[in-house]
Amino acid sequence: MIPRRPPATAFSPFTRPIHRITAAVASAFGLQPEDLRLRTNRRAIVRPRQVAMYLAKQATKASLPEIGRAFAGKHHTTVLHAIRKIDRERHRDPNLDQLIDALLHQSHPQPASTWPTAPHENDFSRLVGLA
């Protein structure tokens, strides 16, 4: 029998960065982080939630079930659908692609020689704890 990975808890190494990603995405879309964890299918909430799920998969090592649990217990197939959908939409919507590129670019630490002299206040990597 294959041992199962323990569920994400408040002490999980994945939970905290996902919540920080949620906060950054909510801010970018003019929402509150709690809005992305609501069990609603309103378009104004669904797309930002899907973007946050996409970024969580790209910027953390969290599994699909762990990401789903961070978003009001969404099923892992819902997370997979969100990731695939946002990946497709990035090719169709240049504004969405630009937003995600900016967030992903900021989420990966740059070599020290390319760092700006004064870090930007809204540095995504600082917000998600990856810097």
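Visitor: So what share of the 131 residues in the chain is buried?
Guide: Buried residues come to 38% of the 131. Keep in mind that this is a predicted model.

Visitor: Which residues have the most contacts inside the largest nonpolar core?
Guide: Those are Val-25, Leu-55, Ile-67, Phe-71 and Ile-100, in a core of 27 residues. Helices H1, H2, H3, H4 and H5 each give two or more residues to this core.

Visitor: Which of them gives the most?
Guide: H2 does, with eight residues.

Visitor: What does Val-25 touch, leaving aside its neighbours within four places in sequence?
Guide: Val-25 is in contact with Leu-36, Pro-48, Val-51, Ala-52, Leu-55 and Leu-103.

Visitor: Let's look at H4. What is its reach from first C-alpha to last?
Guide: H4 covers residues 76-92 and reaches 25 Å, close to the 24 Å expected at 1.5 Å a residue.

Visitor: Which residues of H4 are buried?
Guide: Val-79, Ala-82, Ile-83, Ile-86, Glu-89 and Arg-90. Seen down the axis of H4, they fall within an arc of 140°, so they line one face of the helix.

Visitor: And what is exposed on the other side of H4?
Guide: Arg-84, His-91 and Arg-92 are exposed there.

Note on methods. Residues numbered from 1 in each chain as written. Predicted model: local features only at pLDDT ≥ 70, side-chain atom pairs only at ≥ 80, totals over all residues. Heavy atoms only, no water. Buried < 20%, exposed > 50% of the residue type's maximum accessible area, 1.4 Å probe, protein only. Helix = DSSP H or I, 4+ residues; strand = E, 2+ residues; numbered from the N terminus. Expected span 1.5 Å × (residues − 1). Arc of directions from axis to C-beta. Core = buried A, V, L, I, M, F, W, Y, C linked by side-chain atoms within 4.5 Å. Contact = heavy atoms within 4.5 Å.
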